[in-house]
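Student: Please take one residue of this chain and give me a close look at its surroundings, setting it against the chain as a whole.

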Amino acid sequence: MSATTDTMTPPRRPRTARRGPLLMLAAAFWLSSCAPLPPAATPQPEAAAGLRLIGEAVLPHGLDYGGTTVGGLSGIDYDAAGDRYVLISDDRSDHQPARFYTARIRYDAASLEPPVLTGTAALRQPSGRPYAPARAAEDGVDVPDAEAVRWLPGGQALLWTTEGDHARGFDPALREARADGSFVRELPLPAHLGFSREPGRGARNNATLEGLAITPDGRTAWVAMEGPLRQDGPVATPASGGAPVRFTALDIASGRALRQIAYQPDAVPLASPVPGGHTNNGVAEILADGPDHLLVLERSYSLGAGTSLRLYRIDTRAGSDTLALDRLAPGNHRPAPKVLVANLATLGLRRLDNVEGMTWGPPLPGGARVLVFVSDNNFSRMQITQLFAAEYREPPPTASASASAP
């Protein structure tokens with residue numbers, strides 16, 4: 001396996017905006033979308049030293065590995081015990097059965113080596129069979145839409161999320177699998193995170209369990225919704241951040257929900273130049289930064305204007321517990337304050353694409369921590385499978401919180 005260097009080809013919408021008839025209209029605006037993105041419209045705390053790019057690499061489109069098509073990489077995690085990464089694909093078994101890969105990724109303070117895939121395994125149902133595609137779906141079995149993955153301590157098992165199979169009535173789920181992909185269990189989730197037949201309630205299709213984090217002690221998993229529940233309010237627009245999204249803490253051993261906090265996304269940073277053009281903004285990934293903090297990756301897309309990516313840090317103790325709240329409304333909760341770590345448009349990447357996964361990698365020799373990111377190419381020739389590493393520096397202590405209750 002080898003990586004290619006990126007060429008400046010126009011970015012394409014993230015997975016949350018499916019390809020559609022506006023694609024040809026958007027082509028007229030590709031040149032403008034290649035320009036560096038400006039900061040978000042809302043003033044943010046200064047944190048220019050938050051990330052420093054180490055290096056980037058792009059996997060070839062349509063890369064074949066182990067008889068599978070490499071693409072749709074929506075989550076990544078590092079196992080220090082085995083010195084290996086896991087990357088999960090959001091292929092809904094259309095190309096090959098739902099699966100993940102293992103890889104070796106090496107870097108130093110100034111460069112990133114081409115990543116090397118080392119294995120692949122199909123995710124499996126309780127019956128032991130791989131998941132079937134929608135065209136051959138089995139009765140009583142969902143077609144998963146895998147979005148996030150984390151190793152459990154020791155690297156013998158992992159947790160992964162699926163956004164659900166909305167068309168067939170299967171809710172989002174958090175599952176445990178062994179390192180060979182075999183099914184272990186499904187952890188229970190609060191009922192309000194699922195879909196609902198009642199108008200104006202429940203999760204929005206394709207805006208569910210996008211983020212997953214595990215605390216350093218390996219006892220608690222945080223799952224993050226990409227967008228707000230319908231009863232909590234509207235999605236983000238260029239004029240507003242919309243309603244807050246819910247992050248839920250679960251005890252991994254029992255599956256019991258421990259608490260939940262609200263997170264307020266930004267307004268869409270860039271308006272679409274296409275009349276009526278699609279825009280969105282939501283949570284693409286979360287990652288534990290110590291026992292009480294999460295890094296939150298917000299990803300936005302505007303038709304004809306491109307992708308925007310911003311990394312925030314939140315204190316999970318600072319937000320009020322929303323687990324028992326049927327509906328989030330102004331005044332009945334306190335969102336977790338957030339501090340900007342970096343606008344990824346300022347990193348110096350050759351291209352800003354649909355980044356959906358991030359993990360801590362091994363520290364640099366001097367002890368500096370490193371984040372490794374991966375983008376989901378949606379199996380499209382107009383997008384790329386990009387991996388990059390960046391040195392992480394905590395925001396300065398004077399940085400102020402940038403979120404307030406809606």
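Tutor: Of the 406 residues in this chain, 60% count as buried, in what is a predicted model. The chain exposes about 15,400 Å², of which carbon and sulfur atoms supply 54%. Its secondary structure comprises 2 helices and 22 strands, and among contacts between residues at least 6 apart in sequence, 63% join residues at least 24 apart.

The residue to look at is Thr359, which lies in strand 20, spanning residues 355-361. Thr359 counts as buried because its relative accessibility is 1%, where the cut-off is under 20%. Its side chain makes a polar contact with the side chain of Asp77 at 3.0 Å, and the side chain of Thr359 also reaches the backbone nitrogen of Tyr78 at 3.2 Å. Once neighbours within four places in sequence are left aside, the residues in contact with Thr359 are Ile76, Asp77, Tyr78, Tyr85, Arg150, Leu287, Val370, Leu371 and Val372.

Elsewhere in the chain, an open sheet of 4 strands runs in the order 16-17-18-19 with antiparallel pairing. Strand 16 (279-288) and strand 19 (338-343) stand at the edges of this sheet, and because each has a single partner strand, one side of each is left without a neighbour there. From one strand to the next, the twist averages 25°. Strand 18, residues 306-315, pairs with strand 19 in the antiparallel sense over 5 bridges, and Leu311 stands opposite Ala342 in strand 19.

Notes:
Residues are numbered from 1 along each chain as its sequence is written. This is a predicted model: local features need pLDDT of at least 70, side-chain atom pairs count only at pLDDT 80 or more; totals for chains, interfaces and linings use all residues. Side-chain values use heavy atoms; hydrogens and water are left out. Buried means under 20% relative accessible area, exposed over 50%, partly exposed in between (1.4 Å probe, protein chains only). A polar contact is a pair of N or O atoms within 3.5 Å; within protein, one must be able to donate a hydrogen and the other to accept it, and residues adjacent in sequence count only if both atoms are side-chain atoms. Contact means heavy atoms within 4.5 Å. Accessible areas come from the Shrake-Rupley method with a 1.4 Å probe; for residues, only the protein chains shown count as cover. Two strands pair if DSSP finds at least two bridges between them. Axes are lines fitted to C-alpha atoms, for helices over the stretch in contact, and angles run from 0 to 180 degrees between N-to-C directions.
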